[in-house]
Amino acid sequence: SSAQTEAIDPSLKKYAEEAVITGKVLNRDFYPQEKELTLIIPFFRDMGNQYRSPIQEDGSFSFRFPVYAKLREVSIRNYAEHLYVRPGDSLHVEIDFQDLLHPRITGTSGNLNKYMSLFTDGGYYRMSYPYDKNASPEIFEETLKTEYNSRLERRNDFLKKYSPGKEIEKYTADL
């Protein structure tokens with residue numbers, strides 16, 4: 001709402017423009033119990049961070065939300081874990097209930113999402129570091145170094161295979 005926009009820091013106003021994510025669920029009969037989808041905006045302090053959208057009879061759904069950042073990672077719980085949106089973006093997400101690991105993403109940041117999906121869901125990225133809580137500091141440090149080098153190698157393999165460009169290189173390095 002405009003009152004909400006007025007209350008935010010003036011330096012953030014340029015990022016308050018809403019993003020729209022529309023989509024379609026294919027093969028709904030595979031999971032007929034799924035009636036709604038949840039969009040999660042991680043690390044959104046003091047603000048609502050989850051939006052829900054019913055899955056319509058035709059399989060369509062939509063979300064509209066302020067981004068409040070130059071770029072924000074959001075997820076549609078269980079179906080599109082890594083979506084990247086900018087203020088004013090309009091994305092379309094197709095989720096096939098018989099092929100859950102490969103949502104199809106098009107729209108204003110479609111290219112960014114295509115490559116980030118290839119990186120995050122294609123075996124090039126692991127979210128958490130494996131570690132043994134009982135390991136000595138030396139073993140823990142060695143485990144971290146080995147894991148870090150493995151991550152760098154996988155990222156380099158991804159960059160070599162897909163040549164996604166500078167923007168994707170930056171975001172994969174941030175991950």
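**Pockets, strands and ring pairs**

Student: How much space lies in the largest pocket?
Tutor: The model is predicted, with local features needing pLDDT of at least 70 and side-chain atom pairs pLDDT 80 or more, while totals for chains, interfaces and linings use all residues. Residues are numbered from 1 along each chain as its sequence is written, and side-chain values use heavy atoms, with hydrogens and water left out. A pocket is an open set of points on a 1 Å grid over the protein atoms alone, with protein on both sides within 12 Å along at least five of seven lines. Taken as the space filled by probe spheres on points joined across faces, edges and corners, the volume of the largest pocket is about 370 Å³.

Student: Which element gives the largest share of the lining of the largest pocket?
Tutor: The lining (residues with an atom within 4 Å of a point) has 15 members, and Pro42, Glu73, His82, Tyr84 and Leu175 lie nearest the centre of the largest pocket. Two or more residues each come from β5 (72-76), β6 and α4 (166-174), helices being DSSP runs of H or I with at least four residues and strands runs of E with at least two, numbered from the N terminus. With 4 residues, the largest share belongs to β5.

Student: How many charged residues are in the lining of the second largest pocket?
Tutor: The second largest pocket has a volume of about 240 Å³. α3 (137-162) and α4 each give two or more residues to its lining, and α3 has the largest share, 5 residues. Counting Ala, Val, Leu, Ile, Met, Phe, Trp, Tyr, Cys and Pro as nonpolar, Asp, Glu, Lys and Arg as charged, and the others, Gly among them, as polar, that lining has 9 nonpolar residues, 1 polar residue and a charged count of 5.

Student: Which residues does threonine 120 touch, leaving out those up to four places away in sequence?
Tutor: Threonine 120 sits in helix α2 (residues 110-121). Its relative accessible area is 8%, so it counts as buried (under 20%; exposed is over 50%, partly exposed in between, with a 1.4 Å probe and protein chains only). Its contacts (heavy atoms within 4.5 Å) are His82, Tyr84, Tyr125 and Leu175.

Student: Which residue in β7 is the bridge partner of valine 25?
Tutor: Strands pair when DSSP finds at least two bridges between them. β1 (residues 18-26) runs antiparallel to β4 (residues 60-66), joined by 7 bridges, and threonine 22 is partnered there by serine 62. β1 also pairs with β7 (residues 90-96), in the parallel sense and over 7 bridges. In β7, the partner of valine 25 is isoleucine 95.

Student: At what angle are the ring planes of tyrosine 124 and tyrosine 162?
Tutor: The whole structure holds 10 aromatic pairs, meaning rings of Phe, Tyr and Trp (its six-membered ring) with centres within 6.5 Å, stacked under 30 degrees, edge-to-face over 60 and tilted for the rest. In one of them, phenylalanine 30 and tyrosine 31 have centres 5.2 Å apart and planes at 90°, so that pair is edge-to-face. Tyrosine 124 and tyrosine 162 have centres 6.3 Å apart and also form an edge-to-face pair, because their planes are at 85°.

Student: Is tyrosine 124 buried or exposed?
Tutor: Phe119, Tyr124, Tyr125, Phe158 and Tyr162 form one aromatic cluster. Within it, tyrosine 162 is partly exposed at 25% relative accessible area. Tyrosine 124 has 15% relative accessibility, so it counts as buried.

Terms used
On a 1 Å grid over the protein atoms alone, a cavity is a set of points where a 1.4 Å probe fits but cannot get out, and a pocket is an open set with protein on both sides within 12 Å along at least five of seven lines; lining residues have an atom within 4 Å of a point.
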